[in-house]
Amino acid sequence: NNRLGGFGSDAFYDYKSGTYYLVSDRGAGGGTLPYEDRFHTATLAINRITGKFNGGSAAFKLTQTVPLKRDGQALNGLNSFLALGDGTQIGSSFDGEGIAVLPNGNVVLSDEYGPSVYEFTADGTFVRAFDTPANLLPRFANGTLWFAANDGVDTAGGRPSNRR
């Protein structure tokens, strides 16, 4: 089932196929509600000379919704503290922010919780995580990692809280 859960974070246009790849943020509630993370593919009929939409409201067509999975488990927009009861582990928490498509058809997505960059197959299966530089990892002053991101408490290093 195609279910457009939004695509407010980023879009990538594959000019060879005329396909847009779209990624949404972590869903409603800012990481406080369960949301099965996904990316979408769509087409948008645009006159390349005039820039006008062709076909009115039919110009945009959602062609695919791809749920993201790691080790068979769906990635979820819940922050890690709510999902696991432990903000020091990232688990299956995912907050999609950026998207790109590699020449082999795999999709690269950035995650604000990590901050992390992940590679997935075109069907949404996790391939690998790129190493995050140590100075970008969110840590408290005592060195403890903290991935929850929206508890209103700023970390001493790396990515700050989303809720200040």
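The model is predicted: local features need a pLDDT of at least 70 and side-chain atom pairs count only at pLDDT 80 or more, while totals for chains, interfaces and linings use all residues. Residues are numbered from 1 along each chain as its sequence is written, and side-chain values use heavy atoms, with hydrogens and water left out.

Arg128 forms a salt bridge with Glu119, the closest N and O atoms being 2.6 Å apart; the term denotes a side-chain nitrogen of Lys or Arg within 4 Å of a carboxyl oxygen of Asp or Glu.

Asn106 is located in the loop between β7 and β8 and is buried, with a relative accessible area of 12%. When residues up to four places away in sequence are not counted, Asn106 touches Ala100, Val101, Glu119, Phe120, Thr121, Ala122 and Val127, a contact being heavy atoms within 4.5 Å.

The wider architecture can now be set out. The protein chain has one helix and ten strands, arranged from the N terminus as β-β-β-β-β-β-α-β-β-β-β. Helices (H or I, at least four residues) and strands (E, at least two) are DSSP runs, numbered from the N terminus. Of the 164 residues, 36% count as buried. Among contacts between residues at least 6 apart in sequence, 43% join residues at least 24 apart.

A search of the whole structure finds two salt bridges; one of them joins Glu36 and Lys69, with closest N and O atoms 3.7 Å apart. This pair links distant parts of the chain, since Glu36 belongs to the loop between β2 and β3 (38–44) and Lys69 to strand β5 (residues 69–70), 33 residues apart. Glu36 is partly exposed at 34% relative accessibility, and Lys69 is partly exposed at 33%.

In the interior, attention turns to nonpolar side chains. In soluble globular proteins, such side chains tend to be buried together. The largest nonpolar core has 18 residues, and those with the most contacts inside it are Phe39, Leu68, Ile99, Val107, Leu109 and Phe120. At least two core residues come from each of β2 (19–23), β7 (96–101), β8 (107–111) and β9 (116–120). A nonpolar core is a set of buried Ala, Val, Leu, Ile, Met, Phe, Trp, Tyr and Cys residues joined through side-chain atoms within 4.5 Å. Leaving aside neighbours within four places in sequence, the contacts of Leu109 include Val23, Phe39, Leu68, Ile99 and Phe120.

The structure also holds eight aromatic pairs. Among them, Tyr13 and Tyr20 form a tilted pair, 4.5 Å centre to centre with 40° between the planes. Tyr13 is partly exposed at 33% relative accessibility, and Tyr20 is partly exposed at 21%. Tyr118 and Phe120 form an edge-to-face pair, 6.3 Å centre to centre with 80° between the planes. Rings of Phe, Tyr and Trp (its six-membered ring) pair if their centres lie within 6.5 Å; planes under 30 degrees apart count as stacked, over 60 as edge-to-face and the rest as tilted. Tyr118 is buried at 6% relative accessibility, as is Phe120 at 0%.

Phe94, Tyr118, Phe120 and Phe126 form one aromatic cluster. Arg70 lies over the face of Phe126, at 4.0 Å from the ring centre; the criterion is NZ of Lys or CZ of Arg within 6 Å of the ring centre and within 35 degrees of the ring normal.

Two backbone features complete the account. Asp71, in the loop between β5 and β6 (73–74), has a positive phi of about 55° although it is not a glycine, and is exposed at 78% relative accessibility. The peptide bond from Gly114 to Pro115 is cis, with omega near -10°, and Pro115 is in the loop between β8 and β9.

Conventions. Buried < 20%, exposed > 50% of the residue type's maximum accessible area, 1.4 Å probe, protein only.
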